[in-house]
Structures are given as C-alpha cells and as structure tokens.
Amino acid sequence: MASIDHESYYVPDSSSLAVFTAVSSGLLIGGFAAGLNGMTFGEGGSVGWTVSVVGLVLFLAALFTWFRTTIVENRAGMASAQLKHSYVLGIQWFIFSEVCFFVVFFGTLFYVRNLAGPWLGGEGTKLGDTQALWGGFQYAWPMQFTPQEIIGVNNQVPANNGIFVGAKELMHWNGIPLINTILLLTSSVTVHFAHSALKAGKKAGFNLWLAITLILGFAFVGFQALEYHEAYAELGLTLESGIYGSTFFILTGFHGFHVCMGATMLTVQWLRSMMKGDFTADDHFGFEASSWYWHFVDVVWVGLFLFVYIF
Amino acid sequence: MSEHHGPAKGIKRWLFATNHKDIGTMYLWFSFAMFFVGGFFAMVIRAELFQPGLQLVDPQFFNQMTTMHGLVMVFGAIMPAFVGLANWMIPMMIGAPDMALPRMNNLSFWLLPVAVTLLISTFFMEGGAPAFGWTFYAPLSTTYAPPSTTFFIFAVHILGASSIMGSINILATIINLRAPGMTYMKMPMFVWTWAITAFLLIAAMPVLAGAVTMMLMDIHFGTSFFSAAGGGDPVLFQHVFWFFGHPEVYIIILPAFGVISEIIPTFSRKPLFGYSSMVYATASIAFLSFIVWAHHMYTTGMPLAGELYFMYATMLIAIPTGVKVFNWIATMFGGALTFEAPMLFSVATVFLFSLGGFTGLMLAIAPIDFAYQESYFVVAHFHYTMVAGAIFSMTAAVYYWLPKWTGRMYNETLAKTQFWIAFVGFNLTFFPQHFVGLAGMPRRTPDYALQFADFNMMSSIGSFIYGFAQLFLLYIIIQTIRSGKENADEKTWEGANGLEWTLASPAPFHTFSTPPTVK
Ligand code: HEM
Ligand SMILES: [Cu+2]
C-alpha cells in the first residue's frame, strides 16, 4: 500500500447508513434492556423483546446495506489505495480493542484464582476477617463448593444475594475441549492456505480451503453447544455455580460469540467469491480482514484452553 | 462524488453528514448541550448544599443527581467535546481532506444521542435513575441497584462503541492521511496528544465494557463475579473499573494538554519549548496511566506491597506531568506575551491544573489518602484537574478557533469578562472544598455538620457564578456566529502557526483536496 494517491482521495457523499445503524441499534439495545428487566423484575418484558427483535432486523439490514455499499464502491474502482489502507488500519485497531476486551475476563480469572480466592479462604489475613464471614470455607480451584454452600444461605450476611451452588462435576479438558482445540487450530492453518492460494491467483484452491475452514469453524460451534448442554444437563455447571461457572461461561461464551461472528464474516467472503467472483490476488481486503479476525479468535482460544480447561 | 460540492440542505446535512467539519460541529454542540444538562444537575446539588440540613431534594434523588452529574459530564460533555475538536482540527492540521472513515465518523456521533437517551430515560423509571455514584461500585450497582441500571449498562456500552469507533478513525487519519512531509515529529502537539488519547481509548473502553458486562451478568443471570457468597469479590469490580478509570482521566486531560500546547506558543510568539520532550512526556503519561489504577483503592483493602507499589508508581506520573508544565512555562518565558481570551484560559489551565496535580500527589501518598479519601478534598482535586484542566482548555480552544470555524471574531471584551467570571466562580466553588475536605466533610452527602456551613455557602455561590459564566459563553458564541465582526484573514492570530491557519476563514467545506507539502 505504499503508493499513497492523494489526488483521488474519496470523500463519500452524505449517507443515511450511519443514522439508520445508530437508531436501529438503539431499538435493539433499549428493547433488550427492557426485556431483561421484564425477565428479572417482572414488568414490561414482552414489549421489550418485540422492540429488540425489530431493532435487530433493522440493524442487520443496515449493516448489510452498509457493507454492500462499500463492496459495490470497491468494484466500481472508487476505493483508492489510501482508503484501503485506512480500512486495514481500522480492522487492526478494532482487533486490538477486542484483545483488550478479553484481557478483562482473563484478568478476572487470574485475580479470582490467585488473589481473591485464597483470601476468601483465609490466607494472608491477620484478623481472620474472611473466616469470620465465611467460616470453614476452603479455597480450591476449580471451586466446587461456594462459600455460601459451606456456611449455609441463612448464615451469610444480608449484603449477599443469590443462590450459588457449585458444579456437581468438573469440566475436563480432554474431551470436547481438546477436539475443539484441534478444530480451531486446524482452521487457522486452512484459512492461511486459502490466503496463500488467493495470493497465488488460484481461486479454486481458495474456495476449497475457505470452505474447509468454514466447516471446521461451524463444527467448533456445534461442539461448543454440545458442551454447554452437557455442562447444564450432566455436570450441574451453570451460570449460577459460583465464580467457577461465572468465569467459565463468560470466557467461553464471549469466545463462542466471537467465533460465530468470525465464521459469519468468512461465510460472507466465501459467498462473495463463489457467487460474485469477488477477490483477486491483490484486492481481497474483505477476506483478509476476516481471516485476521479468525486468527485472533484462534489465539484467544489457545489462552482459554490453557487457563480455563487445563490449568 | 463530492469533491467540489457544498453541504446538503436542511436537516439532511446533519443527519447524513460525512464531512468532518459538520460532524465536528455536531459533536461540539452536543457536548455543549450535555454540559448544560450536567451543569443543571450540579446546580441542584449545590442548591441543596447551600445550607446544612435537607431543603430541596430527598437524599435518594440527591444521589441520583451526583451520579448523573458525573456520568453526563465525563461521557456526555468532556469526551465528546474533545472528539469534536479532533474532528474539526486534525484533518486541517495534518493537511488531510477529511477523516479516514467518514461514514463511520457519522455513526460514532449518532450513537451518542442514542446512548444519552437511554441514560436520561432512567430518571423516568420505577426506582429512579442510578444513584450509586459515577464509579458505580458493586454491590451498590448490582445487588442494591434500581432496575434502571440495565439501561445505564447499555448506555455505557453504546458510549464505548462510539468512543472506540471515533478513536479508530482518529488513529487511521493520523497514521494514513498526513500530507507529504508531515512526519510524526512535525505533527502539531494537539494531533500528538490525540493520537495517544485514541490509543488509550481503544485500550481502556473495552475494559469498561467488560466491567458493566459482568454487572449485567450478576444482575440478570445469576453469576457471582462481584459476590463473595459465590466465590467472587466486590473489590474485583473496583480493580476493573479503575483499570479503565485511571486511563480515562488521562483520556480527558491529554487532548486538553494538546490544546494549550497550541495556544501558548501562539500568544507567546515563540515555538513550543521542548517539542520532542512533550511528545515523550505524553507517551510516558499514557503508559504510566495503566499501572497506577489502585491508588483509588488504598482503603478498600490491599496487601501492603500493593499499597507501596501503587503509591510510588503514582508519584512517578508527576515527572512527565512536570515536564509538560515546565515546558509551557519555558515557552512563555521571554516571549512577547499578550493575553487574549484563549491565552487567559490557557494560562489559567496551567496554573490551576498544577494545583490539581499537587493535590493528586498528596492523595497518592497512601497513608495520607487514608484520611482524605471519600472527602471533599478528593472532589476539589478532581475538579481542579477536570474543570480547570479540561473545561478551561476547551473554552480556550473555542475562542481560539471560533474565528476559523465561523469566519467571525468574538467580542474580546466580553470574552475576557467571561474568563474572569469563570475564573472567580471556579475558584470560589472549589478552593474552599479543600478545607472542608481536610476538616472531614464526606463527599456524596446531601447534608453536613454545621462547622462546614460557611465554606459550603461560598462554594454554592461560586458554583452559581460559574454556571452563569457558561450561559454567558453560550451568549458570546451565538453572538459571534450571528453578528460577530467578519474576519476573513487566514491567520487570525499573528503568532499562530500550523496548516489550519493557511486556510481561508471560515474554513471551506472541503479543505486540502490536494494535500499541501510540508517542508
Ligand atoms: C499528577 C497527577 C495526578 C495524581 C497523582 C492523581 C492522584 C489521584 C488519587 C490518588 C486519587 C484518589 C483519591 C481518593 O479517592 O482517595 C485521585 C482521584 C481522582 N482523580 Fe486524580 N490524580 C492526578 C491527575 C488527575 C487528572 C489529570 C484527572 C482528570 C482529568 C484526575 C481525576 C481524578 C478523579 C475524577 C478522581 C476521583 C475519582 C472518584 O473517586 O470519583 N486526576 N487522583
Ligand atoms: Cu487515578
């Protein structure tokens, strides 16, 4: 992207895309909030969900139109090298912000496991204060018995809420998680093969490798769903199983959500290539961005596999 | 294609804007409006505190006021104001035709009214608006929170999305759209500070998103991140919040530093002293801001080693901050100084922000903070940094660039008067708060002991004066736009340097369609 062509810089015409996106996301999210409140506090839920679904449809329509517009513009040759480089920077910084988002939850896991948990078990206190509140609680990870279970709900200080019952059984790393690790790592390689094929101008190879990547990606999602089902149905591992369940589901849940996003992005690229013949050896930003995203999701999974499942 | 056309007509110009100047204008007006909303809440607070005892509002509503005041000011007023400045000025300062991603730029803006609507709507809900303080510590914000908290959480998510997109845009613009010859070390300081701020935003806003997401899960889905009963920890909330929160205060102040680094050289008729040290100081502040967060948590409970580490690390920030202050002073030293309104506000910023920095150093000393925390001393500290630091320099920026934006000159006498009213009002409001704080008056309270009455009355009077100064500012701006003296000079200020001063006033709708060459 070295040849920066200033003269042909493209300032788009005024556009209704953004307002449409903003308003629809407002409906989506505001409705969602009302729905949640209905669920938890028992008022006005159904209206909320309806608004939210309408918002979601409009939001997706807005995104679809937006991406369509950029793709059409690119096909028409309106995107200069400089603009394309801006896109590259945009997606790179976006992925960086996503990394920071995951850092929070990994940090949470680290903090709970290495600091808060042991303190709760009485470590390091000179006055025995946590033991005064949670007498008899012993810390171990994974935390199978919550402090509440140890002392009994009725004996906890009133400031605490909820019922937290630890999992009956623990999650193992060598079943589904291992399969999923293999799936996702392989898919990172295949998406790289797709990229190489594209850069070598081999469109057939590109389509094939990308298809394989998609199959691997969706298989991952399927296994993840299966794993959640097992966690709830057999292990008794739920969102309510104390901090172990909380950290487990927030990390794997957000990761799974990102896998779905990445897989959707790659699917779109695959459809573009198959149906419209998009992408050439030197013009394939949409694919490239999606593949970066995919690698990022993959790296996060490695962290998950190590720190959530194995250690 | 829009290379040579003018703005669209009517409301569409604003709704469908892709032009950085139009979007910048919307940001600026939006933030100014929010400034008045947050200001109104502040007036309610100060009116209640005018005398001891409960007079006007009940305590629960008082807490809603302090909470919403903080949130609206930080997320609705200060941050969008500087993004507005960035939108207007960065392309013109680096010789770019527009922002790098113009349509996303519009989205970043229009998400703000959506978020603020969600936030303000909480006032009309069962149980009232959030009342747990702008720092929304768990379990106040989870177990004890009103149902409207869900809307607050999503408002924060949307604000975060807006900030992240805005920052990505700013970084892409700075990295990719500089005119030939505009090397990084030739960029105006304002552009530099924004580059670093944008980086901070992209790194810190997701952390805030993570914090509110965990709150959401605790409220609605039975998780126990912030509940010890399930093995979590309420203190975890504070760690996550301040891991965002401390970078956030530098997000607020760095662009302000950038502004005064533009203005002081202009009115000193000298180049900025120590340009490269300014750049490095800004970068080190940004780095340090990520490793000092728990200085807000000295009294929450931390191992001794933690207290010591955070104390020393925090005090380190005084070094790069001191470099900046000394550089501004050295810039003025021996210069041909004149004190037009932008310069008055800038000098006041340097002076008053330094006071806020000193009280920050006091608070950074852990054993001393044990006595000062949650007192009015903290309130005084952060208003000296955020109001005298950020808002004063924002006002300076408005006066400084208003002629460029509108092609009209504001009335200097009125502006100077406005400065003195603001200056007196501000100090009358917040200086006494140091004393009541040291004497033990807690913050976030609608009532107080009798011995604090005099200083509080002074504070309240000062705050009304300061509030009036803002209405006066609004008047001056409107008067300038409607009937200010036409000023078509490219260079409004004789000492000014930089590409924006090579353009006509008001700056044409499209600028630098062909880039200038910077030598
Ligand atoms: C020399 C630089 C600074 C130092 C050493 C410093 C130090 C501190 C410390 C130790 C506290 C905690 C006080 C307590 O809660 O007991 C504090 C609070 C605060 N500071 Fe600073 N600070 C500095 C600059 C700033 C700047 C530049 C801003 C914003 C523009 C800022 C905004 C705040 C705010 C908002 C709080 C209160 C947060 C709350 O509890 O609501 N500070 N500062
Ligand atoms: Cu801080």
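How do the residues of the shell around ligand 1 divide into nonpolar, polar and charged? That is my opening question, colleagues. The model is a predicted one, in which local features need pLDDT of at least 70, side-chain atom pairs count only at pLDDT 80 or more, and totals for chains, interfaces and linings use all residues. Residues are numbered from 1 along each chain as its sequence is written, chains are lettered from A and ligands numbered from 1 in the order in which they are written, and side-chain values use heavy atoms, with hydrogens and water left out.

The shell comprises 12 nonpolar, nine polar and three charged residues. Here Ala, Val, Leu, Ile, Met, Phe, Trp, Tyr, Cys and Pro count as nonpolar, Asp, Glu, Lys and Arg as charged, and the others, Gly among them, as polar.

Of the 24 residues around ligand 1 (a heavy atom within 4 Å), those that come nearest are W134(B), D369(B), H381(B), F382(B) and R443(B). Oxygen atoms of ligand 1 lie 2.5 Å from a polar side-chain atom of D369(B), 2.8 Å from one of R443(B) and 2.9 Å from one of W134(B). Two or more residues of the shell come from each of α7 (234-268), α11 (341-364) and α13 (376-406) of chain B. The most come from α11(B), which gives six.

I turn now to chain A. H195(A) belongs to helix α6, residues 176-199; a helix is a DSSP run of H or I, at least four residues, numbered from the N terminus. H195(A) is buried, because its relative accessible area is 10%, and buried means under 20% (1.4 Å probe, protein chains only).

Note on methods
Buried means under 20% relative accessible area, exposed over 50%, partly exposed in between (1.4 Å probe, protein chains only). A polar contact is a pair of N or O atoms within 3.5 Å; within protein, one must be able to donate a hydrogen and the other to accept it, and residues adjacent in sequence count only if both atoms are side-chain atoms.
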